[in-house]
Amino acid sequence: MEQALKPQAPSAEKFSIDVEAIRARAREHLDEGAVTEDYGADRAAVLQMLNEALATELVCVLRYKRHYFMARGIHAEPVAAEFAEHAAQEQQHADQIAQRIVQLGGEPEFSPKGMLDRSHSEYVEGDGLESMIKENLVAERIAIDSYRAMIRYLGDKDPTTRRMLEEILAVEEEHADDMSDLLQRG
């Protein structure tokens with residue numbers, strides 16, 4: 001009777017891998033590079049999504065660069081420095097996304113032709129420091145919503161791309177917070 005009262009430890013499923021099958025599959029599809037049979041996402045859709053993200057990042061680089069060079073006024077120096085830092089970080093994002101596109105067997109679209117059509121954000125020059133800050137905040141908010149949608153779409157079908165996008169999203173949220181702070185100071 002005492003035995004029945006003791007809680008039973010849950011039975012753990014044993015982890016096992018068919019190493020021979022994995023080795024055979026790895027040799028069979030060498031031309032697929034990093035994409036194995038277990039890749040769960042629609043690769044064409046992911047590549048299109050990533051090329052749109054790439055265009056968005058490149059448009060953001062260009063907008064931040066212009067704002068850096070065009071920042072004028074008594075408060076321009078620290079704001080311009082923030083624009084320059086964000087431009088560099090957006091370029092890093094573009095590079096990460098381009099590398100992932102290549103890893104997935106695609107080609108990153110760097111052609112300026114159609115870039116604004118592929119981009120989720122707009123290229124708005126702004127006509128003064130406050131206007132530039134607002135336009136960058138709008139673009140960051142667009143990027144945040146876009147990356148969240150991409151992350152939800154990927155779910156667990158492509159964890160590598162999802163993690164990359166989550167890291168980029170965190171920086172975009174930081175950028176939006178920076179722009180919001182600058183507006184509050186003005």
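Q: At what angle do helix α3 and helix α7 pack, and how far apart are their axes?

A: Two packed helices are described by the angle between their axes and the distance between the axes. Here helix α3 (residues 43-70) and helix α7 (residues 159-185) pack at an angle of about 25 degrees, with their axes 13 Å apart. That makes α3 roughly parallel to α7. This is a predicted model, in which local features need pLDDT of at least 70, side-chain atom pairs count only at pLDDT 80 or more, and totals for chains, interfaces and linings use all residues. Residues are numbered from 1 along each chain as its sequence is written, and side-chain values use heavy atoms, with hydrogens and water left out.

Q: How are axes, helices and angle classes defined?

A: Axes are lines fitted to C-alpha atoms, for helices over the stretch in contact, and angles run from 0 to 180 degrees between N-to-C directions. Helices are DSSP runs (H or I, at least four residues), numbered from the N terminus. Angles under 35 degrees count as roughly parallel, over 145 as roughly antiparallel, 65 to 115 as roughly perpendicular and the rest as oblique.

Q: Which residues of α3 and α7 make the contact?

A: Contact means heavy atoms within 4.5 Å. From α3 come Val-46, Met-49, Leu-50, Glu-57 and Tyr-64, and from α7 residues including Leu-165, Ile-168 and Glu-172. By class, the contact of α3 with α7 has eight nonpolar, two polar and two charged residues.

Q: How do α3 and α6 cross?

A: Their axes come within 11 Å and cross at roughly 165 degrees. That makes α3 roughly antiparallel to α6. The contact of α3 with α6 holds 13 nonpolar, two polar and four charged residues.

Q: Which residues touch the most other members of the largest nonpolar core?

A: In soluble globular proteins, nonpolar side chains tend to be buried together. A nonpolar core is a set of buried Ala, Val, Leu, Ile, Met, Phe, Trp, Tyr and Cys residues joined through side-chain atoms within 4.5 Å. The largest one has 42 residues, of which Val-46, Leu-50, Phe-83, Ile-97, Tyr-147 and Leu-165 touch the most other members. Helices α3, α4 (76-103), α6 (129-154) and α7 each supply at least two residues of this core.

Technical notes: Nonpolar A, V, L, I, M, F, W, Y, C, P; charged D, E, K, R; others polar. Buried < 20%, exposed > 50% of the residue type's maximum accessible area, 1.4 Å probe, protein only.
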